[in-house]
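Student: Could we go through the salt bridges in this one together? I'd like to start with how accessible the partners are.

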Amino acid sequence: MYPVSEDYKTKILQNDRVTRLKGTIVLTNGQVINLNEGDIFKAPTIQNQCSGNNKLQLGGVYQGQLTMTFRTNISRYLIKGAKINLIFGLLIGSDPEDEEDWEEVPLGEFFVADAIKSGTDKLNITALDCMGNIDKSYEGIVISGSAYSVLSYIGNMTGVQLGQTSEEITALPNGDETYGTPEVNNLRTYRDILRDLAACLGCFATIGRDGKLYLIPLFDSDVDRVISADYRGNDTISDYQVSYATVMCIKEGTSISVSSGPGQIIDLGSNAFLQLGLEARVQRILNELLSCVSSVTYVPSQIHIKKSDPSYDLADLLKVQGYTAGTEIMVPIHKNTWTWRGSQKLISIGEDPYESKTKEQKEIENTANQMKIAENTVLTATNIDEITFDQDWTELCNLRFSVVSERTLTFHGVVKFDLSSDASVLVKYELNSEAVDFVHEVKCFEGTDTVTLFLPVLASSEQANTLRVLIKASSGTGVIDQYDFKGVIMGSGIITSSWDGIIQCLDSVPELLINGVAVVNMDDTASISLHTNSVFNPSDELDDIDIAGLGVVGIDETINITMVRPTFNTVDELGEFNLVSEDGLYNLITE
């Protein structure tokens with residue numbers, strides 16, 4: 001919890017409290033803009049978390065987010081990338097004109113990621129803290145050193161400033177251990193390194209209110225605040241308690257665990273920093289973590305604070321009393337959503353002990369996953385129909401696959417074709433909707449020829465992967481007979497099942513009624529297509545609607561169409577007209 005005075009703790013709960021908000025925006029060109037209450041149109045909301053949504057995990061690495069709307073004449077293009085600092089103020093004295101009567105709480109440092117113009121003088125912004133900087137690719141250099149030296153290495157390579165000293169890191173659980181990574185590991189980004197290091201220290205990583213990187217213990221038995229029923233509303237409190245009594249990991253394919261009795265499990269998985277050294281070292285680290293995670297028994301809950309308080313921090317331990325909480329329960333903060341002069345939602349995460357896996361079940365699951373990782377799998381593809389290709393890219397195959405953990409697979413292929421003339425045959429690849437920076441190009445002669453293909457494929461475990469193979473000729477045409485293309489993806493850790501994890505959804509657009517438009521000589525058809533960028537990030541953007549032969553005689557009524565920036569194009573001499581959004585409404589503007 002951010003350190004505040006006893007006067008603050010009393011005043012923040014009162015109905016007649018007086019608050020203020022001020023801050024600065026520093027544009028990328030160095031210009032500083034001051035913000036005050038009069039500039040704010042929609043109250044700021046700040047969200048952050050230290051663990052996943054369903055299961056509590058050590059080593060959480062999450063990015064804080066700020067959303068707000070303020071009045072300004074600054075171009076939205078100039079404000080992208082700008083740094084925003086906000087400060088909350090609470091009047092603890094009697095004179096709002098006297099600065100000494102205010103107590104302030106910094107809200108953090110954020111960088112504008114998105115800005116949308118609303119009306120003539122308002123900007124809706126989304127800003128993020130600098131945790132995104134650590135999503136840089138890790139080059140695979142072997143790491144070895146103290147916890148602080150590893151953390152310093154992450155900071156130096158990503159430009160993120162550390163907020164803790166060497167002594168403070170050493171004082172954390174297992175902070176005095178030496179950490180190293182094996183030559184072969186599953187670390188791909190500096191976020192992965194930070195995640196595994198924080199887990200070994202019983203912590204999560206977060207960006208503090210000063211914009212610096214901190215490792216914070218996830219479990220703390222000291223109560224930070226007592227909250228009675230008078231200051232809460234619409235709570236959701238579980239009917240079970242959560243306590244942890246086992247910590248486990250996988251070292252070189254073998255499951256290692258320590259336990260203090262019945263209770264739930266903290267699973268560190270194949271943590272890269274637990275692969276080297278003797279098993280006794282791993283046991284020592286797990287025992288230290290066990291003493292931390294077993295210190296608190298709590299009730300997973302959603303607590304709604306009527307009078308929001310920005311001094312709460314992630315991992316704070318609350319004692320919640322009365323109403324649905326009964327006498328009292330312990331609630332640690334794992335997710336925090338704060339809105340200025342609004343309510344606040346504090347969430348504690350934990351699995352139902354009657355539904356969570358036992359230690360034995362987890363060991364069996366880990367063993368099965370290791371067997372899956374070691375098992376080589378081959379996925380094949382061929383063409384069941386004849387394929388004709390020319391100077392446009394034509395798809396040879398579209399392979400979907402998932403993997404247990406991030407790894408490199410290999411694609412092999414052979415394609416036999418008949419060319420109408422001498423030409424260069426080109427084959428390219430798209431992995432997860434992004435072009436691979438490599439193209440096969442082979443000069444071939446008229447008639448029958450064969451091309452062999454090879455490509456290393458870096459597969460992600462965060463989503464189902466899609467590999468598309470496409471072919472074209474520099475001139476003429478080529479014909480691939482049925483079954484004359486063969487392709488395979490080979491490697492270990494490929495997940496095979498009857499369902500590939502893809503859910504395909506179809507949607508329909510109802511009839512568009514446009515009153516006051518006379519339609520004449522409608523000879524062609526109009527079609528509306530709903531497209532998404534990828535199966536994992538669907539959007540509801542509509543394609544252009546081409547309407548030929550439609551004459552616009554006159555419009556006497558208001559047109560209200562609920563769509564996402566639609567555009568109508570005519571192909572006759574009437575020119576072009578667009579629907580443009582202004583203050584949430586669409587107005588028809590013709591040219």
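Student: Is Asp313 buried or exposed, or partly exposed?

Tutor: Asp313 counts as partly exposed at 25% relative accessibility, where buried means under 20% relative accessible area, exposed over 50%, and partly exposed in between (1.4 Å probe, protein chains only). Bear in mind that this is a predicted model, in which local features need pLDDT of at least 70 and side-chain atom pairs count only at pLDDT 80 or more, while totals for chains, interfaces and linings use all residues. Residues are numbered from 1 along each chain as its sequence is written, and side-chain values use heavy atoms, with hydrogens and water left out.

Student: Which residue does Asp313 form a salt bridge with?

Tutor: Its partner is Arg209, the closest N and O atoms being 2.8 Å apart; a salt bridge here is a side-chain nitrogen of Lys or Arg within 4 Å of a carboxyl oxygen of Asp or Glu.

Student: Switching to Glu177, what does its side chain meet?

Tutor: Glu177 meets Arg284 in a salt bridge of 2.7 Å, N to O, and this pair links parts of the chain 107 residues apart. Glu177 is buried at 11% relative accessibility, whereas Arg284 is partly exposed at 44%.

Student: And how many salt bridges does the structure hold?

Tutor: There are 17 salt bridges, including one between Lys83 and Glu109, with closest N and O atoms 3.9 Å apart. Lys83 is partly exposed, with a relative accessible area of 28%, and Glu109 is buried, at 17%.

Methods: Helix = DSSP H or I, 4+ residues; strand = E, 2+ residues; numbered from the N terminus.
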